[in-house]
Amino acid sequence: MFSLSEKEVNTGRQKELDLVKGFLMIMIVFIHSFQTLGSLDAATSKVYQIMFALFMPTGACLFLFTMGFGSGFTRHSEPKDMVKNGVKLLFYQGLSNLCVGAVMTVSYYIRNAVTGEVPGSREVYEANLYSMLTFVNIFFIAGMCYLVLALYKKLNVKLGGYIISVIIVGIVSPFAGQLVSDNQVLNWILDMTFGGKGETSFCFFPYLSYVFLGYVFGKVIRTVPENEKGSFYKRSGTICGIIAAIWLAGCIVSHPGVEEFFEYMLMQYRIPGLVKVIGSYCSIMLVFAVSFWITPFVEKWKFGYNKLCYYSRHISKMYAVHIGVYFLIGGFSAFYEFSVAGCLLLSVAVLIATDLIVEAYVIMENKIKNGKKNR
């Protein structure tokens, strides 16, 4: 048995969260390899479809869940803190787009200057450049969600209000996703918000459900005494694991075959309905429980454990940098389309390159901060 304390007694760093976020970052790198560099055969291969479909019950929604978790768990959760974080992430979205576009452009023109222009590559370059400059991803969603959380915090919404909001968003999202407009600008805004147009990678409104659930979980876990977390995860993990298994089994039965299952998960990935929200939430809770139980064993592998914790602490930097590395490769290769094997090998190379770039950045950042303190 476990009991919830009336006071917040569990306020330290949650190791299971670090493992989950660290592994999440690795999987994101692998999936994005197929999406940015893969040929049509690679992008429609069973390897990619299975990887994507099995990862999507958690995937991006886990990223937003942990963001909400952090908002409910951190001491810096006042409305002004959340607004600051939200605006910062929206700025990072624009900055990321410009940097990736610049990296791709420079590498592409260097390639052309050295070897000459590859026939047909300019059309692909221009399409990718437009896509990058108008692209919105996890930074945009997280930024908008922080602003919504700030409003909820300002209005002093109780935890029950967050749960009700989860249900409302889950029910409304599939219908709101049908909103489109003949006006190009308005249509882009609707797409970023509800996902109707289908061109942006993410739309923020449907993902509010995961942020709200993460916030509630963050508040709850603070009241679970550290010595009772095992019992908490045993019960919650078992119940949620059964529900997640039933949901996944239902998805597989109603969408038999790898391709059908992939297409369904792809659709639910962008605009999750209430059933997908519940299924993903239960999958996430199962993942958290498993992570809690295996943490003592993973800690024995110092290198792997430290890397996962490092990726967790710097997940925003890792996310931003790895996209630029992929498009750097795209520019230098004149957007050559890689096979399944090529995508898998490049995933490892990009993960290593991203790790090194982020480490160099963190070292420089710390030196600058220490230099200012010593003045």
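## Basis

The model is predicted: local features need pLDDT of at least 70, side-chain atom pairs count only at pLDDT 80 or more, and totals for chains, interfaces and linings use all residues. Residues are numbered from 1 along each chain as its sequence is written, and side-chain values use heavy atoms, without hydrogens and water.

## Overall fold

The protein chain has 16 helices and zero strands. Both are DSSP runs, numbered from the N terminus: helices are H or I of at least four residues, strands E of at least two.

The C-alpha trace spans about 70 × 60 × 40 Å along its principal axes. Of contacts with a separation of 6 or more, 82% join residues 24 or more positions apart. Contact means heavy atoms within 4.5 Å.

## Burial and core

Buried residues make up 51% of the 375 residues. Buried means under 20% relative accessible area, with a 1.4 Å probe and protein chains only.

The largest nonpolar core holds 102 residues. Such a core is a set of buried Ala, Val, Leu, Ile, Met, Phe, Trp, Tyr and Cys residues joined through side-chain atoms within 4.5 Å. Leu-64, Tyr-207, Phe-217 and Tyr-319 touch the most other members. Helix α1 (residues 15–37) gives the largest share, 13 residues. Another core, of six residues, lies apart from it; Ala-53, Trp-247, Phe-261 and Met-265 are among them.

## Around Tyr-319

Which residues does Tyr-319 touch, not counting residues up to four places away in sequence? They are Met-25, Ile-28, His-32, Phe-63, Asn-137, Ile-138, Phe-139 and Phe-202.

Key:
Buried means under 20% relative accessible area, exposed over 50%, partly exposed in between (1.4 Å probe, protein chains only).
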